[in-house]
Structure formats: structure tokens, C-alpha cells
Amino acid sequence: MPIDDIGRPASLHGWGRTAATTATVMSPRSVAEISSAITRAGSRGVIARGLGRSYGDAAQNSGGLVVDTTRLDRISLDPVTGLVTAEAGASLDAIMRVLLPQGWFVPVTPGTRSVTVGGAVGADIHGKNHHVDGSFGTWVRSLLLVGADGTVREVAGDFGNPLFAATIGGMGLTGVVAEVTFQAIRSETAYVSVLTRRAANLAEALELMRDDNDYRYTVAWIDLLARGETMGRSVLTLGNHLTRAELPASKQARASAFAPATRLSAPPMPSGLLNPLSVRAFNELWYRKAPRVPATTIESIGHFFHPLDGVADWNRLYGRAGLMQYQFVVPLEATAVLRGLVERLNEHQLASFLAVLKRFGPGSGGYLSFPTGGWTLAVDLPVRPGRMAGVFDEMDREVAAAGGRIYLAKDAVMRRGMAEQMYPDLEKFRAVRADIDPSGVFVSDQSRRLGL
Amino acid sequence: MKDALGRVDSVVLLGGRSDIGLAVVTKLVAAGARRVVLAARGPADDAVAALLAAGATSVDTVEFDALAVSSHAGVVDSIFDKLGDVDVVVSAFAVQSAQEVYDASPTAAADAVTVNLSAQISTGLAVATRLRAQGHGTLVLLSSIAGVRVRPANLVYGATKAGLDAFGVTLHDMLAGSGAGVLVVRPGFVSTKLTEGLPTAPFATTPEAVADAVVGALAAGKRVVWVPRVVGVVAAVFRVLPRPVWRKISA
Ligand SMILES: Cc1cc2nc3c(=O)[nH]c(=O)nc-3n(C[C@H](O)[C@H](O)[C@H](O)COP(=O)(O)OP(=O)(O)OC[C@H]3O[C@@H](n4cnc5c(N)ncnc54)[C@H](O)[C@@H]3O)c2cc1C
Ligand SMILES: NC(=O)c1ccc[n+]([C@@H]2O[C@H](COP(=O)([O-])OP(=O)(O)OC[C@H]3O[C@@H](n4cnc5c(N)ncnc54)[C@H](OP(=O)(O)O)[C@@H]3O)[C@@H](O)[C@H]2O)c1
């Protein structure tokens with residue numbers, strides 16, 4: 001049946017602004033509306049979409065139906081237990097605004113607050129605290145899932161349950177998550193104490209991060225253009241939530257205030273402006289700006305976690321061809337592979353602002369969940385159509401051979417057949433889907449591209 | 001599905017033994033395409049072997065006769081049903097005889113129109129329907145500089161190309177907003193079996209050069225591409241020449 005009367009046609013792409021396709025988009029106001037849309041979807045199927053912050057084609061469904069969840073945005077917090085129940089389209093930004101004044105914080109936040117709870121579950125997102133707190137899915141206590149037949153199931157937060165394990169990190173392919181209940185963490189204030197220190201090269205950065213568990217939040221910003229002795233030079237930031245007592249008097253009055261503003265949009269730019277020279281200059285400045293001797297400062301949560309949220313639509317800086325992010329994880333012991341991949345990115349002089357390096361703790365148990373124990377590197381790259389393809393294919397193969405994987409929420413170029421080599425639980429994932437969605441109602445451009 | 005770098009996965013060639021068509025498909029496979037269907041009026045074993053060697057994981061052949069117009073929708077549907085989503089359809093079948101042949105046989109002329117235009121439209125519309133339904137994909141049509149301003153010496157062939165060009169450009173507009181599109185390719189003289197025995201024209205090029213231009217235009221999402229680029233300039237001049245001058249130089 002035609003799906004035009006369910007929603008409106010729209011061209012959709014991810015944060016990278018690449019590979020746009022056209023779908024029918026509907027924005028339900030109730031769970032019942034999700035159910036009825038799913039049962040009326042045509043042969044091209046359905047996928048859920050949150051705020052479209054995945055970089056590639058995960059939240060789009062060419063020729064089919066896309067359920068935009070952003071109108072389902074109710075949030076409730078039990079201020080005693082810290083249990084949050086949020087509709088799938090509620091953003092982490094909105095949730096933080098509810099939680100922080102009451103002394104609570106989200107257990108996991110990505111580098112942007114503009115993601116939905118549904119997207120947090122779909123990609124099983126991780127933050128700077130993964131090495132101590134795990135990914136978002138480990139904090140989920142239960143969720144409501146609308147299945148292929150339109151029925152709403154309550155799924156308990158137990159990774160022993162195949163449906164839950166398939167849904168956490170399942171990229172929307174088990175159904176539409178309508179509501180999520182998760183445990184928040186304590187944060188008396190909206191501030192973080194941050195230790196900033198330089199690492200002269202990759203080896204030193206890894207050394208500093210390898211055993212550190214004193215800081216809840218750690219990340220290294222790494223300059224991929226530095227060569228030779230300084231290859232992999234980084235600035236590490238290590239943070240902990242501040243208690244009210246630790247906050248200086250000047251900040252006491254507004255200790256829990258959280259009202260970050262978004263500044264002007266970035267203008268679209270010809271992508272040529274982002275070249276190795278301009279980026280090298282930027283990276284140099286930024287490295288020099290970091291204190292020579294480790295120093296501790298107090299930063300607002302917005303400043304520490306989401307520095308890029310200050311500029312709306314910064315992805316337009318990459319011009320018409322768009323951008324992509326390459327993010328992989330390799331096991332802790334595979335430092336040689338990590339080094340090789342950093343060298344490779346370096347050697348191709350892929351103009352990139354800072355890349356992010358981080359140590360992950362153990363994985364959550366989600367079948368397609370990305371984080372697993374090891375080193376993860378994420379790097380934004382300008383897209384040059386038709387070029388670089390061979391380099392990514394080779395890096396993908398090296399990552400897979402080392403027992404690592406590519407983050408599906410960032411993937412935009414992986415080839416069919418690679419996911420099988422990276423995600424050992426893919427067969428379990430497929431078995432769950434065959435069971436609950438035998439006719440393949442849930443499908444995305446990404447699942448078609450990769451043959452998930 | 002097309003990826004962020006413009007790489008495609010599945011490609012169909014209508015006119016599965018065309019020199020230009022196979023050059024395009026070969027480049028698409030080299031750039032990453034994996035599944036290919038060749039629709040031709042006979043076996044294409046060499047092409048199949050070459051494409052597999054170039055990295056394709058599957059190459060199927062399907063029987064296709066451009067003159068059997070009523071079969072076209074069915075052939076197109078069966079190809080799409082088999083491949084799932086199709087990223088690129090290259091439509092490269094055509095015939096070309098000297099104008100004297102058509103002067104002597106209006107029936108041969110009508111058959112040429114059937115192959116070069118009617119069949120392009122019957123398959124093109126069927127492809128457009130499927131591309132529209134899947135919300136993405138590109139139909140590549142091989143127009144020609146011969147259709148920009150038709151020469152008396154190339155009357156029938158030129159007229160079919162003029163019709164095809166108009167069809168392609170407007171079909172693209174018709175698909176606007178659907179996610180699907182049409183790429184109209186306008187080569188000058190290309191040395192292939194179609195032009196064997198014909199005198200070589202200025203700016204003559206090769207199937208490989210046409211293929212490079214098509215692959216680049218696909219990745220960049222263009223609607224029209226001239227090969228080589230200079231024939232676009234030549235064509236612009238052709239278009240505005242006063243008729244007496246045109247008659248003299250085109251004879
Ligand atoms: C600047 C920036 C920084 C980032 N930093 C990080 C980071 O530090 N850590 C990290 O893990 N990620 C990071 N990301 C990626 C981002 O967190 C994930 O892609 C997240 O899934 C985006 O959420 P969204 O609401 O935009 O989801 P979308 O992009 O709209 O969707 C993502 C996936 O989730 C599925 N999905 C969405 N909603 C639902 C639902 N209701 N039910 C079922 N499935 C659903 C979609 O089908 C899709 O497969 C970053 C992205 C950006 C742009
Ligand atoms: N060569 C040039 O100078 C030039 C310039 C501009 C545009 N073009 C266009 O480019 C396209 C490809 O041409 P080309 O140069 O590659 O020539 P080609 O190698 O001769 O290709 C044309 C193909 O059309 C096929 N064909 C003809 N009649 C058919 C029918 N009834 N049923 C099925 N298939 C049929 C032929 O099949 P068989 O192999 O079985 O005979 C042949 O493979 C054509 O549209 C042509 O007009 C060519």
C-alpha cells in the first residue's frame with residue numbers, strides 16, 4: 001500500500017551529509033501511532049530515526065518509512081532513586097536540563113548532547129567514562145519496543161535476554177524503541193574538575209591511559225598530522241564530577257545551573273579550506289595552548305563534554321562533499337596495529353582536526369554493540385568522492401584481523417562482508433531478527449549496504 | 001547502496017555487450033561495485049569472466065532483445081527482483097548504419113528508431129519506476145553529440161539520439177524529489193564496434209575515457225557529462241551556427 005499518506009517525503013542523510021536518500025518520514029505523537037505506521041509500512045520497510053547524529057546511513061531508509069521519534073520527548077525522574085524514564089525522542093540535552101538541577105546526570109554522554117535516548121540505545125553509545133562505567137546499554141533497566149507486527153513489548157534490561165542483547169547497539173533493526181528506563185548517576189554540581197596534560201607521542205599517551213582508573217572521564221586529543229618523534233602527540237584531559245563542597249565560592253550560587261547556549265551556525269565552506277596546512281596550523285596552536293606541566297581547572301559540563309555543541313551545524317564546514325568519521329577499536333594488546341593505523345592516517349595526510357583516542361573497558365554484551373576492551377580512535381575526515389576508498393578498505397581489514405571493529409554509528413564506507421568479521425555475535429543478532437521479524441520489516445540503508 | 005565515497009554495489013547493463021557499457025561497468029567494479037547483471041541478446045562469457053576477475057562477486061546474464069518492446073518491463077522487473085536494490089543502470093544498446101542504408105530501407109530505419117529510442121524509453125520508464133520505488137539510484141543514458149544538432153549525413157541515428165537526449169533530461173526532472181536520477185552522457189566519436197569502418201571524427205576518444213567520465217559524474221551526482229569535455233564547447237557552437245553554415249560544414 002502507498003505510504004505517502006502516513007508521512008511526508010524527505011531526503012535524509014546522517015551527520016556526515018553524505019549518501020542522501022529519499023524516504024517517507026512520519027513523526028508519531030504516541031506509541032499507538034508508531035504501531036499503526038509499522039503495520040502499514042510497505043515492502044521497503046521501516047527504520048527509527050532520532051536526531052540523525054550518526055554519521056552515515058544508519059537512520060535512513062531509501063524508498064521506505066522512517067519513524068522520526070523526536071516528538072515523543074517526555075522525561076520523568078525519580079529524584080530518590082535516580083531512575084529516569086524517557087520517551088525515545090527525548091534528547092540527552094533535555095534530560096540533562098531536567099537532571100542536573102536535581103543532582104543527577106546521564107550515565108553516559110557522547111561528544112554531543114544532541115542525541116536521543118533511542119539513538120543512545122540503538123548505537124549503545126559510549127562516553128569518556130567507558131573504562132569505568134561501560135556503555136549506555138549497561139544502565140538501561142527496561143525498554144518498550146514496538147515490533148514488526150506492531151505489538152509493544154516490555155524488554156527487561158538483561159543481556160541474558162537475546163531480544164535485549166540484540167536491541168542494545170542493534171541500530172534500530174529489532175524494532176522501534178518507544179521508551180527507555182535507565183539509571184542516572186549522581187552529580188552534585190554541573191562542573192567537572194579537569195586535569196590537562198601533554199603527552200609527547202603516542203607511546204606516552206597510551207602509557208598514561210593504560211592503567212588510569214582514578215579519573216572517571218579520560219580522553220586524549222591526538223594530533224594526527226604530527227610526524228617523527230612527535231607522532232601521536234596528544235593532550236589528555238582527565239575529569240571528575242565536582243561536589244558542591246569542592247566548588248569555589250564564586251560558583252556556589254549557580255552550582256547546578258545548566259543552560260548552555262548554541263552560538264551561530266557555521267557557514268558552508270568550500271572543502272578546500274580544510275587542507276593539511278590549515279589543519280596543521282590549528283593543531284599546532286592547540287597543542288601549544290595546553291599547559292606544559294599538568295594543570296587542573298574547573299570546567300562546566302557543557303564545556304568539558306560537548307565543546308562542539310557551541311557551534312550549530314559545524315558539519316557544514318566540510319563543504320558539499322561532506323565528512324565522515326572513521327572510528328575503530330582494537331584490543332589493548334594490539335598497540336602495534338593501533339600504531340600502524342595512526343601511521344597510515346598520518347602518511348596519507350588526511351587533513352583532520354584532532355582525533356580522539358580512548359581506552360575502553362569491557363563490552364556490554366549487546367550483540368552489535370561497538371565498545372569492547374581496547375583502544376578506540378575516532379577521526380573526522382573530509383570526504384573526497386571516489387578517493388581514499390582503498391585505504392579505508394585496507395584499514396577495515398587490519399582492524400578486523402586484529403580482533404577489532406568499526407563503530408556502525410560512524411560507518412559510511414564499510415563493505416559488505418566486513419561486519420561478519422568484526423562482530424562475532426552477528427549470527428545471534430540475525431537469529432533474533434529472524435525470529436521476531438521474519439519478513440524483514442526493519443531495514444535501513446546501512447543494513448542494505450552491509451547486508452546485516 | 002551508494003556509500004559516502006560514491007561507491008556503488010549493484011550495476012545493470014542493458015546492452016550487455018556494448019563496448020562503452022562494459023568499459024563503464026568494469027570501472028564501476030574496479031571502484032567497488034560487486035554485483036552485476038548483463039542484459040544482452042546473446043552470451044557474454046568473456047565479459048562475465050573479465051568482470052569476475054576484476055573483483056565482481058556475481059555477474060549474471062539475462063536475455064534482452066531491444067526490438068521486443070513488449071517484453072521490456074518484465075525483463076527490468078525480473079532483474080530488480082533478483083538483485084534487490086540497483087544502484088546504477090547503464091543503458092548502452094544502440095544500432096547505427098550509414099544514412100544511405102536507411103534511405104534505401106525505411107524499415108531498417110524504423111527498427112533503428114525502435115532500438116535507439118522506443119526501447120530506450122520502454123526500458124527507461126520501467127527502470128525509473130523501480131528507482132523511484134527504492135528511493136535512490138541512477139539511470140545512465142548514452143546520448144551523443146550526434147543528437148545535439150542532427151547532420152543530414154547522420155539523419156536517422158542523430159534523430160534517435162536527439163529524442164533520447166530529450167527523454168533523459170526530462171526524465172531526470174520527472175524523478176526530482178524521488179531520490180533517483182538520470183545521468184545523460186554525451187560522447188563525441190568513440191572508437192568501438194558501433195563506429196567500426198566509419199571515418200574518425202575530431203576529438204575521438206575511447207570507451208575507457210567515457211567510462212572514467214561516467215564514474216566521476218556518478219560520484220559527483222551530475223546530470224549531464226560530455227566526453228571529452230571539449231565536445232560540450234563544440235556542441236554549443238554547433239547549436240548557434242546559422243543554418244546555411246551548418247548545412248555546409250555538416251554535409
Ligand atoms: C559531534 C558528535 C560526537 C559524537 N560523539 C560520540 C561519542 O562520544 N560516543 C558515541 O558513542 N557516539 C558519539 N556520536 C554518535 C552518536 O552518539 C550516535 O550516532 C547516536 O546514535 C546518535 O543518536 P541520534 O538520536 O542522533 O540517532 P540517529 O542518528 O537518528 O540514529 C542512530 C541509530 O539508532 C537507531 N535509533 C534511533 N532511534 C531509535 C529508536 N527510537 N528505536 C530504535 N532504534 C533507534 C537508528 O535506527 C540508527 O540506527 C557522536 C556524534 C556526533 C555528531
Ligand atoms: N561509439 C560512439 O562513437 C558513440 C558515440 C556517442 C554515443 N554512443 C552510444 O553509446 C552506446 C554504446 O555504444 P558502443 O559504442 O559501445 O557500441 P556497441 O559496442 O556496438 O554497443 C551497442 C550494443 O547494443 C546492442 N544491441 C543492438 N541492437 C540490439 C538489440 N536489438 N537487442 C539487444 N541489444 C542490442 C549491441 O549488441 P550486440 O553486441 O549483440 O550486437 C551492442 O552490444 C550507444 O547508445 C551508442 O549510440 C556511441
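Q: Leaving aside neighbours within four places in sequence, which residues is Pro291(A) in contact with?
A: In this predicted model, Pro291(A) sits in the loop between helix 8 (276–289) and strand 16 (295–300) of chain A. Its C-alpha atom is separated by 6.5 Å from that of Arg197(A), although the two residues are 94 apart along the chain. Once the neighbours within four places in sequence are set aside, the residues in contact with Pro291(A) are Thr196(A) and Arg198(A).

Q: Is Pro291(A) buried, partly exposed or exposed, and at what relative accessible area?
A: Buried would require a relative accessible area under 20%, and exposed one over 50%. Pro291(A) falls in between and is therefore partly exposed, its relative accessible area being 26%.

Q: Is Thr109(A) buried or exposed, and at what relative accessibility?
A: Thr109(A) belongs to the loop between strand 7 (104–105) and helix 3 of chain A. The limit for a buried residue is a relative accessible area under 20%. Thr109(A) therefore counts as buried, with a relative accessibility of 5%.

Q: Which residue does the side chain of Thr109(A) join in a polar contact of 2.7 Å?
A: Not counting residues up to four places away in sequence, Thr109(A) touches several residues, among them Leu92(A), Met96(A), His126(A) and Phe305(A). The polar contact of 2.7 Å runs from the side chain of Thr109(A) to the side chain of His306(A).

Q: How much of the area that ligand 1 exposes when taken alone does the protein bury?
A: Ligand 1 has 34 residues around it, and those that come nearest are Ala48(A), Gly50(A), Arg53(A), Ser54(A) and Thr116(A). An oxygen atom of ligand 1 lies 2.7 Å from a backbone N or O atom of Ala48(A), while a nitrogen atom of the ligand is 2.8 Å from a polar backbone atom of Val177(A). Taken alone, ligand 1 exposes 950 Å², and the share of this that the protein buries is 95%.

Q: How many residues of the shell around ligand 1 are charged?
A: Strand 3 (46–49), helix 3 (117–122) and strand 10 (176–183) of chain A each supply at least two residues of this shell. By class, the shell around ligand 1 holds 18 nonpolar and 13 polar residues, and the number of charged ones is three.

Q: Which helices give two or more residues to the shell around ligand 2?
A: An oxygen atom of ligand 2 lies 2.6 Å from a polar side-chain atom of Tyr157(B), and a nitrogen atom of the ligand is 2.8 Å from a backbone N or O atom of Ala66(B). The protein covers 94% of the 870 Å² of accessible area that ligand 2 has on its own. The elements giving two or more residues to its shell are helix 1 (19–30) and helix 6 (155–174) of chain B.

Q: Which residues of chain A lose the most area to chain B?
A: The contacts between the two chains involve 24 residues of chain A and 21 residues of chain B. Together the chains bury about 1600 Å², of which 53% is on carbon and sulfur atoms. On the side of chain A, 28% of the buried area comes from the three residues that lose the most, namely Thr22(A), Arg44(A) and Arg415(A).

Terms used:
Residues numbered from 1 in each chain as written. Chains lettered and ligands numbered in written order. Predicted model: local features only at pLDDT ≥ 70, side-chain atom pairs only at ≥ 80, totals over all residues. Heavy atoms only, no water. Helix = DSSP H or I, 4+ residues; strand = E, 2+ residues; numbered from the N terminus. Buried < 20%, exposed > 50% of the residue type's maximum accessible area, 1.4 Å probe, protein only. Contact = heavy atoms within 4.5 Å. Near = heavy atom within 4 Å. Polar contact = N/O pair within 3.5 Å; in protein donor to acceptor, adjacent residues only side chain to side chain. Areas by Shrake-Rupley, 256 points an atom, 1.4 Å probe, with all protein chains shown as cover. Nonpolar A, V, L, I, M, F, W, Y, C, P; charged D, E, K, R; others polar. Buried area = accessible area lost by both parts, 1.4 Å probe.
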